[in-house]
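I opened my notebook to get to know this structure. Here is what I looked up, entry by entry.

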Amino acid sequence: MEEKKVKTNDASGRGSVGGYKVAFPARQHGYTEEEIQAVGNVMRNAECQTQGSFLEAFEKDFEAFTGANHAFAVDNCTNALRLAAILCGLKPSDEVIIPAYTFCASAIPFGMTGAKIVWADIDKNTWVVDPKDIQRKITSRTKALVVVHLLGMPVDMDAVMSIAGKHNIRVVEDCAQAIDARINGRHVGTFGDFGCFSFHGAKTMSTLGEGGILTVKSDKDALLVPGLRHNGVRGIEGERERYWVPAMSTVDIDMDGVWPNNFCLGEAQCAVGSVLLKSVKGYTDEIIAQNMKIRELLSDTPEISFNTIPQGYRHVMHQYVMHFDGSAFGKNRNDLMDILVNEFKIRCIVQYYPLYRFPLFQKLGAGGHDCPVLDEWWDNSFSFPMWCGMPDETLEYLAASVKSAIGMLKGE
């Protein structure tokens, strides 16, 4: 392997790291010639490089793909979440309920509002946020719920929306890992008030490394997004004797007391996004099939378990996360990973540390928690390497290695 391809600053665990038989690639698949040509077309022919026709087309294409009422392309999912937090109107006197088991970006934009973060526990079967725990933690100060379709597993949105409706609470769906995930045919991100999608390089669909979409249910909320997304800039209404007087555009406020920002996505990224939407279902189908193969190969290994997929849920399986139970012979996840990493050269990783355990949230006053299911479950979870198009022999090697490693831990 060429040295220039080796990723040395590897906080995520992804990237081409030398010395492994099965590494954890930084992206799930490459780009097709059609997708590459879409970028070249923008570079050669687009009248503008941002805020143009490709942005408009991508947003319309995404609305058609998901069934969302409104879609707004942004530079990343974190800023889609930030826009959602702003639109929720959160204040320091408010509370927002957020799953403790997720990537930090699910929570940071809401913490920035000054609202108190209340951590929600996971469901012991699906491993995503438990609506019953959400209900348990609602108070008179609760103004918003953030639900995360983590690992591509949809949350029980019927239950969540029922709870939110009873308490008049806004719902934000974090769909960063859940493009093409559905409940009985309905796409995630269309149930709540807002949906936030990621096209980061590690996702099934990536607009050149970064990118995102904010979906918005209400027309009233949607009217506020363009200005908040683009520095409050808008055209000057009415007829003018001279088109340049007083200037080409004006800058105005969309929400009282809220400063706008620049969260715009470039035309080349929007162009490739429109093309990628044509193939994303095929990619998710392939990833689902791979995961089901892993589950089948390990179905005779009682120490390894996977999350339960409810009937009618399309779980797009963003990562191959599993749980290890070695309590019968006094071993834990780290013992298993030691063998998988060092003996079988599989770059397994551990992701999504419970957020209340991170110094960031502890130092900012969000270290308190009541999440017994997550505390019991998390310390023995881990992830296999995964990418779209894994050969059967690689999947078989992964499963066989786990079985052998467990046998070694048992002293067999």
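This is a predicted model: local features need pLDDT of at least 70, side-chain atom pairs count only at pLDDT 80 or more; totals for chains, interfaces and linings use all residues.

I began with a search of the whole structure, and it gave 21 salt bridges. I count a salt bridge when a side-chain nitrogen of Lys or Arg is within 4 Å of a carboxyl oxygen of Asp or Glu.

Residues are numbered from 1 along each chain as its sequence is written, and side-chain values use heavy atoms, with hydrogens and water left out.

**Salt bridges**

I looked up Asp180 and found it in a salt bridge with Arg314, with 2.8 Å between the closest N and O atoms. Asp180 sits in the loop between β5 (170–174) and β6 (182–183), Arg314 in strand β13 (residues 313–314), and 134 residues separate them. My helices (H or I, at least four residues) and strands (E, at least two) are DSSP runs, numbered from the N terminus. Asp180 has a relative accessible area of 0%, so I wrote it down as buried; buried means under 20%, exposed over 50%, and partly exposed in between, using a 1.4 Å probe and protein chains only.

Next I checked Glu303 and Lys410, whose side chains meet in a salt bridge at 2.6 Å, N to O. Glu303 lies in the loop between α9 and β12 and Lys410 in helix α13, so this pair ties together parts 107 residues apart in sequence. Glu303 is buried at 10%, whereas Lys410 is partly exposed at 37%. I also traced one network, in which salt bridges that share partners join Asp180, Arg182, Lys281, Asp285 and Arg314.

**A lysine without a partner**

Where is Lys203? I found it in the loop between β8 (194–198) and β9 (212–216). Lys203 is buried but has no salt bridge, and Glu210, the nearest side chain of opposite charge, is 7.9 Å away. For charge, I take Lys and Arg as positive and Asp and Glu as negative, leaving out His and the chain ends. Beyond its neighbours within four places in sequence, Lys203 is in contact (heavy atoms within 4.5 Å) with Gln28, Ala176, Gln177, Ser198 and His318.

**Helix α10**

I then turned to α10, where Arg333, Leu336, Met337, Ile339, Leu340 and Val341 are buried. The buried residues of α10 pack against β12 (304–305), β14 (320–324), β15 (381–384) and α13 (392–410).
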